[in-house]
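Visitor: I have a model open and would like to learn how to read its features. Could you walk me through it?

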Amino acid sequence: MTERPVAEGPGPRATRAYVLHPDRREADARREPRLALEEAVALADALPGMEVVGADVVRLPKAQPGLLFGSGKVAELKERFASAEIELVLVDGPVTPVQQRNLEKEWNVKLLDRTGLILEIFADRARTREGVLQVELAALSYQRTRLVRAWTHLERQRGGLGFVGGPGETQIEADRRAIDEQVTRLRKQLAKVVKTRELHRAARRKVPFPIVALVGYTNAGKSTLFNRMTGAEVLAKDMLFATLDPTMRGVELPSGKKVILSDTVGFISNLPTQLVAAFRATLEEVLEADLILHVRDISHPETEEQAADVEEILEELGVREEVPVFEVWNKIDVLAADARAALQVQDARTPGIHAVSALTGEGLASLLSAVSTTLDEAREETEILLPYAEGKRRAWLHDQGVVIAEKQEEEGYRLTVRWTAQQKARFDAV
């Protein structure tokens, strides 16, 4: 059991929370329970108004249908929660509606599972209209599977979803018909927003700038790298899901080539299926990329496992095999000198791997040079015939700088172009 000091200070009293990580090692041998617990505590710390006063790994050889844990463990935890005056228990894993109801009654606390906690964090962080709608839609899909509480004071205070609840709140049964009506309304609103963003995306296809997308596990340093490369001031904190809504900025590479850099939401293991579905439209920005930079926290003890989680989500999204992917091994500044030296040797020997520190800028020049070289590669030469009436498309080709020869014929302009597959796709959209 891990006890944590309680912060003293002015302001409203925080909700006293306790984090439990069920050790299902047989179900997920890839994860070290202690590190999984640390991640769960970091998730809890990312939610305002929360004071995590303790955390523990609980062995769970077999989940019990009614109470999740065995009766002996439930009784032991009940005493612990009562003595520590715990108000909220966060279970780092799935909890069925029946288990939640029974445990709340047994422990006299409110209970939140991993999905509910991540939804709360996303609700707190969403800033754009689309982000807010996506979180609400995901939350309603989650709520519909259980008779949840009504919206509470937390939602009014900070845009939360009301799973945590508050003093004096009474638990009521959700009206499923009202939820279904709300879902229908949100989907209509979201469809309009997505349509507008698709128009923006179509407009970008006509602009002669390649797209470079940053992806990675949450807290890997994507936003810090984004700020370093663009000079922007996107929120970058040592916190899970510090940024949620995607951001795009123009960047001029050392070669003079201009690209659009896109910072996306961080991934995490066991990301709720409701959120994967709701944020698919946002994550599809990655599908438009000419190059993907997979940012990894190379100092994390489970960096390989985190990388595997990111790769699974990219595969689920349907990222094309022909899109090049660089692994950006970030945070080398916190490594010991010998470990950093070994990484830099591997960086030099392995194509597609770049050891950097987004915080100090070390290794960034080499990364940017490789980005420029890659985006200039894989070009094919071909001839096309454009009717004279298609002057706009001809002008686009010249703006792109891909025309290497041109002559006028009776039917129109015959152009010899040298371009990438992405440029050809954008030309087809003009």
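**Salt bridges, cores and helix packing**

Guide: Gladly; let us begin with charge pairs. The count comes to 16 salt bridges, a salt bridge being a side-chain nitrogen of Lys or Arg within 4 Å of a carboxyl oxygen of Asp or Glu. This is a predicted model, in which local features need pLDDT of at least 70 and side-chain atom pairs count only at pLDDT 80 or more, while totals for chains, interfaces and linings use all residues. Residues are numbered from 1 along each chain as its sequence is written, and side-chain values use heavy atoms, with hydrogens and water left out.

Visitor: Which parts of the chain does the pair Glu-327 and Arg-296 link?

Guide: Side chains of opposite charge can pair when their charged atoms come close. Here Glu-327 and Arg-296 form a salt bridge at 2.7 Å, N to O. Glu-327 belongs to strand β10 (residues 325-330) and Arg-296 to strand β9 (residues 291-297), 31 residues apart; helices (H or I, at least four residues) and strands (E, at least two) are DSSP runs, numbered from the N terminus. Both Glu-327 and Arg-296 are buried, where buried means under 20% relative accessible area, exposed over 50% and partly exposed in between (1.4 Å probe, protein chains only).

Next comes a salt bridge between Lys-331 and Asp-297, 3.5 Å from N to O. Lys-331 sits in the loop between β10 and α12 (337-349) and Asp-297 in strand β9, so this pair ties together parts 34 residues apart in sequence. Asp-297 counts as buried, with 9% relative accessibility.

Visitor: How many residues apart are Asp-428 and Lys-424 in helix α15?

Guide: An α-helix has 3.6 residues a turn, so residues three or four places apart point the same way. Asp-428 and Lys-424 are 4 residues apart in helix α15 (residues 421-429), about one turn of the helix. Their side chains meet in a salt bridge of 3.4 Å, N to O. Asp-428, at 47% relative accessibility, counts as partly exposed, and Lys-424, at 34%, also counts as partly exposed. Elsewhere, a network of salt bridges links Asp-56, Lys-73, Glu-76 and Arg-80.

Visitor: At what angle do helices α2 and α3 pack?

Guide: Two packed helices are described by the angle between their axes and the distance between the axes. Helix α2 (residues 71-83) packs with helix α3 (residues 97-107) at about 50°, their axes 9 Å apart. Axes are lines fitted to C-alpha atoms, for helices over the stretch in contact, and angles run from 0 to 180 degrees between N-to-C directions. That makes α2 oblique to α3: angles under 35 degrees count as roughly parallel, over 145 as roughly antiparallel, 65 to 115 as roughly perpendicular and the rest as oblique. Val-74, Leu-77, Lys-78 and Phe-81 in α2 meet Leu-103, Glu-106 and Trp-107 in α3, contact meaning heavy atoms within 4.5 Å.

Visitor: Which residues touch the most other members of the largest nonpolar core?

Guide: A nonpolar core is a set of buried Ala, Val, Leu, Ile, Met, Phe, Trp, Tyr and Cys residues joined through side-chain atoms within 4.5 Å. Val-19, Leu-90, Leu-117 and Val-215 touch the most other members in the largest core, which has 39 residues. A second, separate core has 23 residues, including Leu-225 and Phe-326.

Visitor: Which residues of helix α8 are buried?

Guide: In helix α8 (residues 222-230), the buried residues include Leu-225, Phe-226 and Asn-227. Gly-231, which follows α8, has a positive phi near 75°.
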